[in-house]
Amino acid sequence: MSKLVLFDHDGAIDDILATLLLMTMPDIEVLGIIVTPADCYINAALNVTRKLLDLMECHQIPVAESTVRGIHPFPALYRRDSLIMDNFPILNQQDSIKTPLASQTGQQFMVETLHHASEPVTLMVTGPLTTVATALDIDPTIEGKIKEIVWMGGALNVPGNVEKEFAPEHDGSAEWNAYWDAVAVDKVWQSNIPLIVCSLDITNTVPVTPEFIRKLAKQRHYQLSDLAGLCYALAIPQDYYCWDVLATSYLHRWDLFSLKEWETEVITTGSSQGRIKVVEKGRKILAMDQVDHNKFHDYILKQWSR
């Protein structure tokens, strides 16, 4: 039986790569994709998502635009990547886009999709949790429709990645998806939904290396590998990690991971806002603790060999 998945991403390079991976997975039924306007320019990110689905002949999957807003915007330097990806030649070979854009907002689409699903749904979230939190505000009963949330976000026992250059009042303890809207993270933390978290603790161990890029380049005759290579080329000027791709791979290859339970709380105010702190008697989560790096890289190269 297929696992039902509703995907919520925020339009950055690794979100598009995560989409590219998700759509290759067998035994996964994607009910829809929601784009949250965080690490992107929303119109471009919607275009890229829909064009990618067209390229992969998955244009039956609806895409919805979330209209939520965060507290701390991502830097324009990061968000502009969505504009560049929207102009990749490989995504612009057709005159029109077939993949439908839902008439509802992303948050309302989430509520309706969960209610219409035949069984509880896994929410795969690679951006901030604001759309999820807003959907819970709209209709708290959807909590019972969610099997689990797999989220790329947070930093438990390592420093965050919110830089002083962009957030001078922050102490650097938070990860960006959590910092964008810590109140929303706390809202989800107050629910009883099982949480599986792919934090910086594990993503820091899986950088995008020159060796991996060379292997990807050798299979660029496959259109998915060619597109993935273009995306990773945008990230060359910075230290880049397999954030969202690693998190999403868990849906299909959970056997590559070990999980560890932590008790946590979310800091919502002050210089540490967005930090997910390990505390006694806190909210229990499961965090991805270790991954087989070689098998992970082999897996995504295989999935993109088409």
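This is a predicted model: local features need pLDDT of at least 70, side-chain atom pairs count only at pLDDT 80 or more; totals for chains, interfaces and linings use all residues.
**Entry 1: the surface**

Then I turned to what is covered: of the 306 residues, 58% count as buried.

**Entry 2: overall shape**

What would a compact globule of 306 residues have as its radius of gyration? The rule says near 19 Å, and the protein has 18 Å, so the two agree. I also checked the box that the C-alpha atoms fill, and along the principal axes it is roughly 50 × 40 × 35 Å.

**Entry 3: what it is built from**

I went through the secondary structure and found 13 helices and 10 strands. Next I asked how far apart in sequence the contacting residues are. Taking contacts between residues at least 6 apart, 82% join residues at least 24 apart.

**Entry 4: charges**

I noted 25 positive and 39 negative charges in the protein. Their mean positions are 4 Å apart.

**Entry 5: a look at Val 30**

Is Val 30 buried or exposed? Its relative accessibility is 11%, and buried means under 20%, so Val 30 counts as buried.

Who are its contacts? Leaving out residues up to four places away in sequence, I found that Val 30 touches Val 5, Leu 22, Met 23 and Ile 61. I also checked Val 30 against Leu 4, which is 26 residues away along the chain. The C-alpha atoms of these two are separated by 6.2 Å.

A reminder to myself: a disulfide is a covalent bond between the sulfur atoms of two cysteines. How many disulfides are there in the whole structure? My search turned up 0.

I wanted to see that for particular cysteines, starting with Cys 40. The nearest cysteine sulfur to Cys 40 belongs to Cys 231 and is 14 Å away. A disulfide needs the two sulfur atoms within 2.5 Å, so Cys 40 is in no disulfide. Cys 40 counts as buried because its relative accessibility is 1%.

Then I moved on to Cys 231. The nearest cysteine sulfur to Cys 231 is that of Cys 242, 13 Å away, and Cys 231 is in no disulfide either. With a relative accessibility of 1%, Cys 231 counts as buried.

Key: Residues are numbered from 1 along each chain as its sequence is written. Side-chain values use heavy atoms; hydrogens and water are left out. Buried means under 20% relative accessible area, exposed over 50%, partly exposed in between (1.4 Å probe, protein chains only). Contact means heavy atoms within 4.5 Å. Helices (H or I, at least four residues) and strands (E, at least two) are DSSP runs, numbered from the N terminus. The radius of gyration is taken over C-alpha atoms; the globule rule is 2.2 Å times the number of residues to the power 0.38. Lys and Arg count as positive and Asp and Glu as negative; His and the chain ends are not counted. The place of a charge is taken as NZ of Lys, CZ of Arg, CG of Asp or CD of Glu.
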